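Take a look at the model below. We will walk through it one piece at a time.

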Amino acid sequence: MTLFCVGLSHHTANVETRERFAGHAETQCILRNAGCAEALLLTTCNRVEVYGASDRRISTDEIARCLAREIEKDPREYAPAFYRYEGEKCVQHLFRVASGLDSMVVGESEILGQAKKAYEAARSSRTAGRYLHRLFQRAFRVAKQVRTHTDITRGLVSVGSVAIDLAQRIFGHLGNCKVLVLGAGETSERTARALASRGVKDLRVSNRSSDRAHELARLVGGRALPFDKWRAQCREIDILITSTSSEAPLLTSENLAPMLRGRIDRPLFIIDIAVPRDVDPYVNEMEGVYLYDIDALQSVADQSLALRRQQIAAAEAIIAEHVEDFVAASARGLNRVAPAAEHTSVADSPLRASEL
Amino acid sequence: MDRYLLIVSTLCFLAAIVRTARSLRAKTFQPSRFSFLAIGLGFIFQTAFLSVRGHALGRCPLTNLFEVFIFLAWSIALIYMLVGPAYRLSLMGAFTAPLVFLLQAFALIAPIDVRHPVKTPPNSWLEFHASISLVAYGAFGLACIAGVMYLVQERQLKTHQLRSIFYHLPPLTDLFAAITRLLWWGFVLYTLGLVSGFFTGGPLPRVQLVAAVGVWLLYAAILQGRHLRRLAPKRVATLCILGFTAALTLLWGISFSAQSQSLP
């Protein structure tokens, strides 16, 4: 019995192509009818992959036809987009996918949930048997280990999530934090909603348009304040999110200093997502004030991504260890996985390309 | 024989440092169970050493500078074992191990383990005074380490340069709360040590007394500044480092002068 994986992903195909081969609920059964002893379909927005176990070799062409929703063009045109892994390479590929190493955003954990869901679907439709069971159970273990023992999932890679993460790095639990949202734009709303979902109870909204302030306050469970009163709030609040369309800075070291006198032991986190900026950059020099404008947030997001990339080697080492162990177990007859590797793209192999 | 116990203990702390340094170098820093276990093992060997030495001396092993250093290292490890897991400051081990290692390595290498003929019988007040003061030093040492962690975290947040270690350090407010608690623990214990010094029965060395009161006043001032909200957290963290440096200097002075006086 040979384990194999045939599919296409964001590495090899654009979204239009992926859509054409996104498969459907019956795909697994069709694959089984095509001669697959076991088959599992993993479909996400970035990949469409079939994992199977079979005694006979099922061509990539057959699998592609099972996956295709409708093919108007000659299937050969899609050949370069498909890759095929067999035996050890298939095991390694799945472990990398489950661990988030093959994802568009390295280290994202959503793929693990999607893989679990795909496995459950195949198990309930009885298209996955003991070979895929062992393979996927091991893949889930590997993914967990990679997440626990490396920093691959650490840090956040979107501007909004970085802002929330930084707030937690400063204040710990956000439940007791007082937040002022200045300017009721779309980004402010998203950030305020995210803060509310992390337990913030005291949310205050101030906007030039009082109606919009009341509307946003209602949406996030906060209270609206008159725009001319916002500055005095800086004595009390812990987090300020500002995104007004003001041409000149609203907050400078000079006008903030008197308000910070009574709160020397409490940090103030300012998220300035306005362009042009609402807060003078020199405010960041003040004791206990942490100012992040849109560029600073983007820079942190980029650093997180770079940090995740640095973790790849450590994650690959964990995966290599598990692949070796899994293949050795197969050789002992616990799982019969062919150790032969076949991992080139369909287009790289004239023989397989000709199958399409 | 007892020195072997200390060497093993020092090697345990070294192992924790090596592990941390390797993971930092590989940019895969994780506050691991290994480091905590290594420090725990080091602490057990420290305790064994002090116990063996105490039995041999028939009193609390604080008779020379070498023993004072080891007792201080033991106090720091003890406070770490108590507060580290309790306040989710497990990363503190990464900062504690080097300090304990340096203290013990210095004590082992420097020729300060000199046995002096003890002229006076054991004095329970004196032993209480010395040991409780050193445990207070342990708390101040940990406050100093938490201060370093605070400054590292604060610097990263200010400069927007977040390294791997950033994600393992506790939030700023939690660190500051830990610093405050450790300062209070240390201050209460140090006050007990200082007061018990007056009951030892012997003549009080004026210079040491003035220096000890000076350290007490410094920590009292830090806590007062904190209480009255006159000191920003960053300054409290910096003062914790300066305060512990001053306290260590005083400890050195007391031990050195005590050793000099006992020489024939």
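Which residue stands opposite Val179(A) in S8(A)? It is Ile239(A). Keep in mind that this is a predicted model.

Start with strand S8 of chain A, residues 239-242. S8(A) has a neighbour on either hand in our tour. One is strand S5, residues 178-182 of chain A, which runs parallel to S8(A) and is joined to it by four bridges. The other is strand S9, residues 268-272 of chain A. S9(A) also runs parallel to S8(A), and four bridges join them. Ile239(A) takes part in this second pairing too: Ile239(A) stands opposite Phe269(A) in S9(A).

Now look at the side chains of S8(A). Ile239(A) and Ile241(A) point one way. Leu240(A) and Thr242(A) point the other way. Are these four residues buried or exposed? All are buried.

How does the chain get from S8(A) to S9(A)? Follow helix H10, residues 253-260 of chain A. Together, S8(A), H10(A) and S9(A) make a right-handed β-α-β unit.

Step back to the whole of chain A. It has 13 helices and ten strands. Of its 356 residues, 47% count as buried. Now count the contacts in chain A with a separation of 6 or more: 71% of them are between residues 24 or more positions apart.

Chain B is built from helices. It has eight of them and zero strands. Read along the sequence, its pattern is α-α-α-α-α-α-α-α. Of the 264 residues of chain B, 43% count as buried. Among contacts in chain B with a separation of 6 or more, 82% link residues 24 or more positions apart.

Pick out helix H2 of chain B, residues 33-57. H2(B) has 25 residues and reaches 36 Å from its first C-alpha to its last. That is close to the 36 Å expected at 1.5 Å a residue. Several residues of H2(B) are buried, including Ser35(B), Ala38(B), Ile39(B), Gly42(B) and Phe43(B). Look at how these positions are spaced. An α-helix has 3.6 residues a turn, so residues three or four places apart point the same way. After H2(B) comes Gly58(B), whose phi is positive, near 75°.

Next, find helix H5 of chain B, residues 124-159. H5(B) has 36 residues and reaches 52 Å from its first C-alpha to its last, close to the 52 Å expected at 1.5 Å a residue. His160(B) follows H5(B), and its phi is positive, near 65°.

Finally, see where the chains meet. There, 18 residues of chain B are in contact with 26 residues of chain A. On the chain B side, the elements that give two or more residues are H5(B), helix H6 (172-197) and helix H8 (233-262). H6(B) gives the largest share, three residues. What kinds of residue make up this side of chain B? They divide into eight nonpolar, five polar and five charged.

Definitions and conventions. Residues are numbered from 1 along each chain as its sequence is written. Chains are lettered from A and ligands numbered from 1 in the order in which they are written. This is a predicted model: local features need pLDDT of at least 70, side-chain atom pairs count only at pLDDT 80 or more; totals for chains, interfaces and linings use all residues. Two residues are in contact if their C-beta atoms, placed from the backbone, lie within 7 Å. Ala, Val, Leu, Ile, Met, Phe, Trp, Tyr, Cys and Pro count as nonpolar, Asp, Glu, Lys and Arg as charged, and the others, Gly among them, as polar. A residue is buried if 20 or more other C-beta atoms lie within 10 Å of its own, exposed if 12 or fewer, and partly exposed in between; C-beta atoms are placed from the backbone. Two strands pair if DSSP finds at least two bridges between them. A crossover is right-handed if, with the strands pointing away from the viewer, the path from the first strand over the helix to the second runs clockwise. The expected span of a helix is 1.5 Å times one less than its number of residues.
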